Amino acid sequence: SPRELELGLKWKVGRFVVDNFHELELLGKMAKAKGVRQDILLRITPGIDPHTHQYTSTGTADSKFGFPLPLKEEAVKRALRMKSLNVVGLHFHIGSRIREIEPYVRSVQTVLRFAAEMLMTCGLQLKEFNIGGGYDVRYTVDRPPPPTTADFAEKITATIIEECERLRLSLPKLIVEPGREIVAQAGVALYTVGVVKKIPGVRTYVSIDGGMADNIRPSLYQAELEAVVANRMGAKTAGKVTIAGKFCESADILIRDIELPVMKAGDILAVAGAGAYSLPESMNYNAFFRPPVVLLQDGKARLIRRRETLEDITRCDIFEK
């Protein structure tokens, strides 16, 4: 939005990743009015399928993100003509939870070939190359581990070096966005068990005091999670249960059919892999109070965010006497 661009220019952000022609023209006019020359990266859609969930795929031809392949040349030409913008490089992002390196390799090759074409026809200098992110995390014990950061780094950097040599491009500064891999496994979400509802011949629902408001991923794109009964770690499993959230949606299921001990009200359910998206995507759905956050380090605990209250979520309401 114009307000977001205004704030970015005011705060002198290092790079704007420009996604479309409207944003390109608007940013150019605003930078010119301020008398600055803003560094930008143009986001190119490489048209590569990353073999992940369709809701977390961002680099295919039919994507709301980036300049699509038929329009990418016009985007570069138009951006280079704008004196208030400095095109320092290109950006792509093909998705999230990517478990294969090959889609990155193909995307790198595609975008570098385009950069070489633009160097010849428009004089584009690829000083920076942001290849996005989306590395997967092992959320459940039965899922094989994804490639390591070292695996991605070795193959991707080798491809960039080979392609730049072949295309006679100078090596750009490489920028990556590992995404959830940075902190996903550093966080654990704790829930208190409430109602346990057994439906004979169907399933057993275990209700908790949270759900899609603090972790929307399972409802949104069927993310799989792992959990344990934290207050009875030594208890034997007693069959499959489904962990249900407290919200008025049938889709509010945190974990479906997980083997756990017999559950009862008051138990503490610990859900792993909550460090990446549970906090930034949490919301006040159904006037839900977002939970507190506790930082653990070296055996010590410190509250770093308190639980929300009714006063917090009504502070913007206007009451007339």
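Helices here are DSSP runs of H or I with at least four residues, numbered from the N terminus. In this predicted model, helix 4 is followed by Gly123, a residue whose phi is positive, near 80 degrees. Helix 4 itself has 21 residues and reaches 30 Å from its first C-alpha to its last, which is close to the 30 Å expected at 1.5 Å a residue.

Consider helix 5 as a neighbour: helix 4 (residues 102-122) and helix 5 (residues 149-167) pack with their axes 10 Å apart and at an angle of about 25 degrees. Because angles under 35 degrees count as roughly parallel, helix 4 is described as roughly parallel to helix 5, and the crossing by which helix 4 passes helix 5 is right-handed. On the side of helix 4 the contact is made by Tyr104, Val105, Val108, Gln109, Leu112, Arg113 and Ala116, and on the side of helix 5 by residues including Phe152, Ile156, Ile160 and Leu167; by class, this contact has 10 nonpolar, 2 polar and 4 charged residues.

Turning to helix 3, its axis and that of helix 4 come within 11 Å and cross at roughly 45 degrees, which makes helix 3 oblique to helix 4. Helix 3 passes helix 4 in a right-handed crossing, where Lys72, Glu73, Val76, Lys77 and Leu80 of helix 3 meet Phe114, Met118 and Cys122 of helix 4, a contact with 5 nonpolar, no polar and 3 charged residues.

Terms used
Residues numbered from 1 in each chain as written. Predicted model: local features only at pLDDT ≥ 70, side-chain atom pairs only at ≥ 80, totals over all residues. Heavy atoms only, no water. Axes fitted to C-alpha atoms, helices over the stretch in contact; angles between N-to-C directions. Helix = DSSP H or I, 4+ residues; strand = E, 2+ residues; numbered from the N terminus. Parallel < 35°, antiparallel > 145°, perpendicular 65-115°, else oblique. Left-handed = near helix turned anticlockwise from the far one by under 90°. Contact = heavy atoms within 4.5 Å. Nonpolar A, V, L, I, M, F, W, Y, C, P; charged D, E, K, R; others polar. Expected span 1.5 Å × (residues − 1).
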